[in-house]
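Take a walk through the side-chain contacts of this model. Begin with the charged pairs, then turn to the aromatic rings and the surface.

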Amino acid sequence: MSPLPFHLVTLTHPEWDVSLGVNWYGAMREHAGQGAPLPNYAIADRVTLDATAAYLLGDFRFYATGTNLLNTPALVSRLPFGARGQAPMMVQVGVKYGWR
């Protein structure tokens with residue numbers, strides 16, 4: 001199965017914006033074939049939750065971004081060089097300065 005499209009909700013205002021994204025990846029096989037995949041050759045479905053927020057104050061833009069906010073460990077692939085896990089939860093905050 002292919003993953004569903006990215007689902008995103010965004011609220012905006014001239015001074016701030018908030019976005020929340022939910023991404024669901026369906027279960028998939030690692031090798032071509034039909035029928036139920038062998039347990040060692042299947043990737044389970046998973047859900048990730050991402051969010052961003054920003055606030056504009058004069059020439060400064062304060063922001064926060066979070067990925068995999070559910071912090072769910074998941075196997076994303078075994079090929080080509082062994083098992084790889086999903087990236088862990090990450091939160092980033094910062095300030096951007098813009099000239100007008």
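Which residue forms a salt bridge with Asp17? The partner is Arg61, with the closest N and O atoms 3.5 Å apart. A salt bridge here is a side-chain nitrogen of Lys or Arg within 4 Å of a carboxyl oxygen of Asp or Glu.

Two sentences on the ground rules. The model is predicted, so local features need pLDDT of at least 70 and side-chain atom pairs count only at pLDDT 80 or more, while totals for chains, interfaces and linings use all residues. Residues are numbered from 1 along each chain as its sequence is written, and side-chain values use heavy atoms, leaving out hydrogens and water.

Strands are DSSP runs (E, at least two residues), numbered from the N terminus. Asp17 is partly exposed, at 21% relative accessible area. Arg61 is partly exposed too, at 31%. The classes are these: buried is under 20% relative accessible area, exposed is over 50%, and partly exposed is in between (1.4 Å probe, protein chains only).

By this rule the count is two salt bridges. Glu30 and Arg78 also meet in one, at 3.5 Å from N to O. Glu30 sits in the loop between strands S3 and S4, Arg78 in the loop between strands S7 and S8, and 48 residues separate them. Glu30 counts as buried because its relative accessibility is 15%. Arg78, at 26%, counts as partly exposed.

Now the rings. Phe60, Phe62 and Tyr97 form one aromatic cluster. Rings of Phe, Tyr and Trp (its six-membered ring) pair if their centres lie within 6.5 Å; planes under 30 degrees apart are stacked, over 60 edge-to-face, and the rest tilted. In one, the centres of Phe60 and Tyr97 are 5.0 Å apart and the planes stand at 55 degrees, so the pair is tilted. Phe60 is in strand S6 and Tyr97 in strand S9, so the pair ties together parts 37 residues apart in sequence.

Charges meet rings as well. The charged end of Arg46 sits over the ring of Tyr25, 4.2 Å from its centre. Lys96 has its charged end over the ring of Tyr63, 5.2 Å from the centre. The test asks for NZ of Lys or CZ of Arg within 6 Å of the ring centre and within 35 degrees of the ring normal.

Notes:
Helices (H or I, at least four residues) and strands (E, at least two) are DSSP runs, numbered from the N terminus.
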